[in-house]
Amino acid sequence: MDYERLDVFRVALEFTTLVPALTKTARPAMRDQLERAAASVCLNLAEGCGRRARRDRLHFFSIAQGSAMECAAAVDILRALRQTSHEDATSAKHKIARVVQMLVGLRRR
């Protein structure tokens, strides 16, 4: 599969695996929101890679970027509410920032 070769997909998947630890003391609604947003990044990357028209690919990459930004904001909320540790939040924010940077680059190509 094309999407499996993308570094951005691998990093997004790594972020997804951090979500359970990030949200172990979070409210169920916030946990669900972050899980869905993290999954959305990966799923939209995969769907974009399945599209042959450049415009279609860019559309799905744009959606993935929006979901990544949503993840970053959710991590900020968890940190502000003290529902995750500072260390876990910082690690997660670095990973999701990397995803956003790679998506910006992918969309520019």
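Lys-95 is partly exposed, with a relative accessible area of 22% (buried means under 20%, exposed over 50%, and partly exposed in between, using a 1.4 Å probe and protein chains only). This lysine pairs up with Glu-14 in a salt bridge, where the closest N and O atoms sit 2.8 Å apart (a salt bridge is a side-chain nitrogen of Lys or Arg within 4 Å of a carboxyl oxygen of Asp or Glu). Glu-14 belongs to helix α1 and Lys-95 to helix α4, so the pair ties together parts that are 81 residues apart in sequence. Glu-14 is partly exposed too, at 37% relative accessible area.

A quick note on the ground rules: this is a predicted model, in which local features need pLDDT of at least 70 and side-chain atom pairs count only at pLDDT 80 or more, while totals for chains, interfaces and linings use all residues. Residues are numbered from 1 along each chain as its sequence is written, and side-chain values use heavy atoms, with hydrogens and water left out.

Now for the overall build. The chain has four helices and zero strands (helices are DSSP runs of H or I with at least four residues, strands are runs of E with at least two, and both are numbered from the N terminus). Read along the sequence, that gives the pattern α-α-α-α. The radius of gyration is 14 Å, close to the 13 Å that the globule rule gives for 109 residues, so the chain is as compact as a globular protein of that length (the radius is taken over C-alpha atoms, and the rule is 2.2 Å times the number of residues to the power 0.38). Along the principal axes, the C-alpha atoms fill a box of roughly 45 × 20 × 20 Å. Of the 109 residues, 38% are buried. Among contacts with a separation of 6 or more, 70% come from residues 24 or more positions apart (contact means heavy atoms within 4.5 Å).

What sits in the middle? The largest nonpolar core has 32 residues, and those with the most contacts inside it are Phe-15, Leu-34, Leu-45, Val-99 and Leu-103 (such a core is a set of buried Ala, Val, Leu, Ile, Met, Phe, Trp, Tyr and Cys residues joined through side-chain atoms within 4.5 Å). The elements giving two or more residues to this core are α1, α2, α3 and α4. In soluble globular proteins, nonpolar side chains tend to be buried together. Leaving aside residues up to four places away in sequence, Phe-15 touches Leu-22, Leu-34, Ala-38, Cys-71, Val-75, Ala-92, Lys-95 and Ile-96.

Helix α3 deserves a look of its own. The buried residues of α3 include Phe-60, Phe-61, Cys-71, Val-75 and Leu-78. Their cover includes α1 (7–22), α2 (28–49) and α4 (86–108).

The loop between α3 and α4 holds Arg-82 and Gln-83. Arg-82 has a positive phi of about 55 degrees although it is not a glycine. Most residues other than glycine have a negative phi. Arg-82 counts as exposed, at 74% relative accessibility, whereas Gln-83 is buried at 11%. Not counting residues up to four places away in sequence, Gln-83 touches Leu-22, Thr-25, Ala-26, Arg-27 and Leu-78.

Back to charged pairs: a search of the whole structure finds seven salt bridges. One of them joins Arg-52 to Asp-2, with the closest N and O atoms 3.3 Å apart. Arg-52 lies in the loop between α2 and α3 and Asp-2 in the segment before α1, so this pair ties together parts that are 50 residues apart in sequence. Arg-52 is exposed at 62% relative accessibility, while Asp-2 is partly exposed at 35%. Another salt bridge links Asp-32 and Arg-36, whose closest N and O atoms are 2.9 Å apart. These two are four residues apart in helix α2, which means about one helical turn separates them. Asp-32 is partly exposed at 35%, and Arg-36 is partly exposed at 46%. Finally, salt bridges that share partners join Asp-2, Arg-5 and Arg-52 into one network.
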